[in-house]
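Colleague: I have this model open and would like to go through it with you. Can you show it and start with the terms?

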Amino acid sequence: MLSSPARYSRSIDWVTVSIYTSLVGLGWVCIYAASYSADAPVNPLANLNFDQLMAFNWFKQLLWIGTAVVLVVVLLVVDYKAFDTLAYGLYGGMILLLILTMLVARPIAGSRSWLELGPVRLQPAEFAKFTTALAASRFMAGINLRYQNWRDQLVLAGITLLPPLLIVASNESGQALVFAALLLAYFREGMSPLILLLLAAAGTILLLALLVPKLWLVGAFTLLLAAILLLNRRVLRHHLVLAVSVWALVIGMVVGVDFFYNEVLQPHQRQRIEVLLNPSADPLGKGWNVTQSKIALGSGGLLGKGFLQGTQTKFDFVPEQSTDFIFCTVGEEFGWAGSLTVISLYLALLWRILYVAERQKSVFGRTYGYCVASILFFHITINMGMTMGLAPVVGIPLPFFSYGGSSLWSFTILLFSLLAIDAYRKQDLVR
């Protein structure tokens, strides 16, 4: 199932490719800066052998970039119909791989989410986003979500929820959260906005329950219900049971949040929430990462300290600076101008993906495009929010920037699968 190279070279969206190339290139520069040591040889490629070079993240990332280029070629020469045809098969295979990983993977930092294949470690959870997006898009291509029955909507929920449940079971909660972003794609295809509003309301209530005394919240919601019933007799006559049920559910969430926080969440998860709510409470302990990241970002000023001149970076004040906190390297060494450039590239990429998605002639292609945009948007927003102290530290990479083969491969596959589908959109039939 191969396609003509001449045909896809004419049809490929080269604007998106150029943005991708820019982000990958800038990401490698920042990985080099984050792992740079003043004691390193001036020209390590000329002074070190291969085994010695493999000790450096920047060199290993070069190898990952090279393999990503091979992946791009493979994705573009495979017949675009394969993504639709093999969607369920790939999804099923990934479910089995997640189960296998959970059972056989060696614990790393408390998580059983990495498969070790000789010197290479891969995280199946990264690739599960791609297969879930494919399977959900394939399923939605055969239904109209706006007018569909509950049975089909439950099937879609099952397709979406099964991978993150298995990922949580392997003690990797950060990657599991990413799947919530798919709701944005489903909303585009007709999912009721009420679901998004209910989830947003539930999140707000739980956050308030952590910040505000419980008695105040119970009293406030009780007064609100009483006011609604007194001012709207129609609700009192026809929807009393529903109103009381909603009130009971809200009160249950407020009262039960302590049990969930203390008994369900693990210690490191509670620490992440505590750091988000009050990062200055323990700046030398659990708040160290965020505190140092914010110092690095702010110290860059307008134009930054210069390439390889960042003190927070050079002296390893920020842990995981090549991976989760890579963006603070941008802020310290390239300043506000560099950060704005990177953010602008990401915004341009997201806009272009949405543009590509909207011009698809098939529901499958359009839905998959929105899934790609939603997943990237979640990663970009949460990762940058982590470095600024605006989001909990959940350990998810910055697309195309963070060090790691699994993340680079998974994002490359997500993006170029869409570009392969888009290159042949004129052959698609409107479903």
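Modeller: Helices (H or I, at least four residues) and strands (E, at least two) are DSSP runs, numbered from the N terminus. The model is predicted, so local features need pLDDT of at least 70 and side-chain atom pairs count only at pLDDT 80 or more, while totals for chains, interfaces and linings use all residues. Residues are numbered from 1 along each chain as its sequence is written, and side-chain values use heavy atoms, with hydrogens and water left out.

Colleague: What comes just after α20?

Modeller: Gly389, which takes a positive phi of about 80°.

Colleague: And how far apart are the end C-alpha atoms of α20?

Modeller: They are 37 Å apart. The helix covers residues 363-388, and at 1.5 Å a residue its 26 residues should span 38 Å, so the two values agree. The expected span is 1.5 Å times one less than the number of residues.

Colleague: How many of its 26 residues are buried?

Modeller: In α20, 23 of the 26 are buried. Buried means under 20% relative accessible area, exposed means over 50%, and partly exposed is in between, with a 1.4 Å probe and protein chains only.

Colleague: Which residues have the most contacts inside the largest nonpolar core?

Modeller: Tyr20, Tyr368, Leu376, Phe400, Phe401 and Phe416, in a core of 101 residues. The largest share of this core, 14 residues, comes from α20. A nonpolar core is a set of buried Ala, Val, Leu, Ile, Met, Phe, Trp, Tyr and Cys residues joined through side-chain atoms within 4.5 Å. In soluble globular proteins, nonpolar side chains tend to be buried together.

Colleague: Switching to rings. How many aromatic pairs are there?

Modeller: The count is 15. Rings of Phe, Tyr and Trp (its six-membered ring) pair if their centres lie within 6.5 Å; planes under 30 degrees apart are stacked, over 60 edge-to-face, and the rest tilted.

Colleague: Why is the pair of Tyr20 and Phe416 edge-to-face?

Modeller: Because their planes are at 80°, with the ring centres 4.9 Å apart. Tyr20 is in helix α2 (residues 14-34) and Phe416 in helix α21 (residues 405-423), 396 residues apart.

Colleague: What is the relative accessible area of Tyr20?

Modeller: Tyr20 has 8%, so it is buried. Phe416 is buried too, with 2%.

Colleague: Last one: is Glu333 buried or exposed?

Modeller: Glu333 counts as buried, because its relative accessibility is 2%. This residue is found in helix α19 (residues 327-358).
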